[in-house]
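Subject: Structure handover, with notes

Hi,

Here is the structure I promised to pass on to you. Please open it alongside this email, as the notes below are meant to be read with it.

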Amino acid sequence: MSVAPDKTVALQDRFFRALPEMAVRWRAEPPAEPRLLVLNERLAAELDLDAAWLQSPDGLRFLVGDLLPDGAVPVAQAYAGHQFGGFVPRLGDGRALLLGELVDRDGRLRDIHLKGSGPTPFARGGDGLAAVGPMLREYVVSEAMHALGVPTTRSLAVVGTGRPVLREAELPGAVLTRVASSHLRVGSFQFAASTGDIGLLRRLADHAIACHHPSAVNAERPYLALFEAVVAVQASLIARWMLIGFVHGVMNTDNMTISGETIDYGPCAFMEAYDPDTVFSSIDFWGRYAYANQPVVAGWNLARFAETLLPLLSDDVEQAVAFAETSFGVFQREYDAVWSSGMRAKLGLPDAEPTATAALVDELLALLKDSHVDYTSFFRQLGRAARGDAEPARGLFVDLAGFDAWLSRWQALGPDADVMDRVNPVYIPRNHLVEEALKAATAGDLGPLEQLLAAVTSPYDDRPGLERYASPAPEDFGKYQTFCGT
């Protein structure tokens, strides 16, 4: 059904018009009994959407793709991807739809995208559906990431469908309404390149430049400038993940955006006890996507991106490869700059020379690992040490002598506790609290979810009554695992 649902909603179809070969027109499955589970009213305001209308029956139908503005062209997007290192030439939106692009109140174009809206021609035998728990997981974690200042796709709403979804057991179904600058991925370029159609590849690159990196148009080599821009934003993004202890869990090339936004919160989680080998995905047996490997994997993915662009960089293959290899140096420079400045801020030393603090950081991380110290809460306790109360931080370590020696050198640099409190969160979506909230929501109780969201969407403000949201998981929580394909 296509009508004008609300005068404030106007969906464009720029992606479909620019790249029809990479899209299949499709419609969402109408839900049996749509019920709003959570609505992001702040994001609705940014999108210039009426939150009250979105909660109405017509608004819910819009949020699940059942009631669209006149002229809207929902599509399933095509892309390819390396999944755990193996190339799959045809993936695409198997259970997702791009409803269209919307201009927000600041004049920016934003994708309105569904997840769990039914099978598409890319479903590869899947049912195209999603359960309440995983969709609420993406809502919670993506909004927490946004609050932490990490570029990310956003979550506008989760709507229960009233339809059961069969996984290990029968679960209630849901649709996530996701918002992004776009859904262009490295895998999008891999799909276009695999067709052998240079014209399509060029139009995709031009579309990516127009959407995300417009300054590349005026560069001497626009497509090389596009590559450098994507390398830079991804290097910055991964460094930000590392600074907050975030583990994505499934860094396939189809999950790496051209915009530099975090996308697809499947087997993701936040590291608690500091350990570079932390893995949460149940199928990542070799630790390919472990915490410490994320910068390396990002570089590998970007090398695959470079391969797709070679025909646009030069007619001479060797020259094209040389261009890409030289430009790839941007990754290490940008990653090091963001990581180093971020760590100095976490230590309250924003103006210190990078070389003066690098050894201090390395020694601290080794101490954290050896004593299995909770990564997030340590830095908040260290803020107290900067104010003169070092005991809470000291109490986290087994090697007291080692930590005391480190603490003395750090204190001699005059750390600023206020700086630390602005960048070190009190609250993150701790794994046991996320599971608790999702279990309750699946059973129909949204109270724990609302309490968790209240904590993680204001992560730096220490508030009475929220102490359990700042504490690591209890010992009986056990080893945490998350799952792909949710």
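What follows is a short tour of what I found, with the annotated sites first and a few other spots after them. Please keep in mind that this is a predicted model.

**Overall layout**

The protein chain is split into domain 1, covering 14–180, and domain 2, covering 345–422. Between the C-alpha centres of domain 1 and domain 2 there is a distance of 41 Å.

**The annotated binding sites**

UniProt, in an unreviewed entry, has a "binding site" feature at Asn255 and Asp264. Of this set, Asn255 belongs to the lining of the largest cavity.

Asn255 sits in the loop that runs between strand S10 (246–247) and strand S11 (269–270), and the loop between S10 and S11 also holds Asp264. Are these residues buried or exposed? Asn255 has a relative accessible area of 10%, so it is buried. Asp264 comes out at 18%, and because buried means under 20%, Asp264 counts as buried too.

Leaving out residues up to four places away in sequence, Asn255 touches Arg185, His248, Val250, Ile263 and Asp264. With its neighbours within four places set aside, Asp264 is in contact with Lys115, Glu138, Arg178, Arg185, His248 and Asn255.

The unreviewed UniProt entry also lists "binding site" for Gly92, Gly94, Arg95, Lys115, Asp127, Gly128, Arg178, Arg185 and Asp264. These positions are spread over 173 residues of sequence, and in space they reach up to 23.5 Å between C-alpha atoms.

Arg95 is in the loop between strand S5 (86–88) and strand S6 (96–103), and its relative accessibility of 19% makes it buried. Arg178 is part of strand S9, residues 170–180, and at 2% relative accessibility it is buried as well.

**Around Arg178**

Which side chains make polar contacts with the side chain of Arg178? One is that of Asp264, at 3.4 Å, and another is that of Glu138, at 3.0 Å. Not counting residues up to four places away in sequence, the residues that Arg178 touches include Asp111, Ile112, His113, Lys115, Thr153, Arg154, His183, Arg185 and Ile263.

**Helix H7**

Helix H7 spans residues 198–212, which makes 15 residues. How far does H7 reach from its first C-alpha to its last? The span is 21 Å, close to the 21 Å expected at 1.5 Å a residue.

The buried residues in H7 are Leu200, Leu201, Leu204, Ala205, His207, Ala208, Ile209 and His212. Among the elements that cover them are helix H1 (14–18), helix H6 (186–194), helix H8 (222–244) and helix H9 (294–313).

**A last stop: His432**

His432 is found in helix H17, residues 431–442. With a relative accessibility of 13%, His432 is buried. Apart from its neighbours within four places in sequence, His432 has contacts with Glu272, Arg468, Ser471, Pro472, Ala473, Pro474 and Phe477.

Happy browsing, and do write back with any questions.

Best wishes

Definitions and conventions: Residues numbered from 1 in each chain as written. Predicted model: local features only at pLDDT ≥ 70, side-chain atom pairs only at ≥ 80, totals over all residues. Heavy atoms only, no water. UniProt positions renumbered as here; feature names shortened; annotations may be inferred. 1 Å grid on protein atoms, 1.4 Å probe; cavity = no way out; pocket = protein on both sides within 12 Å on 5 of 7 lines; lining within 4 Å. Helix = DSSP H or I, 4+ residues; strand = E, 2+ residues; numbered from the N terminus. Buried < 20%, exposed > 50% of the residue type's maximum accessible area, 1.4 Å probe, protein only. Contact = heavy atoms within 4.5 Å. Polar contact = N/O pair within 3.5 Å; in protein donor to acceptor, adjacent residues only side chain to side chain. Domains from an automatic or database assignment. Expected span 1.5 Å × (residues − 1).
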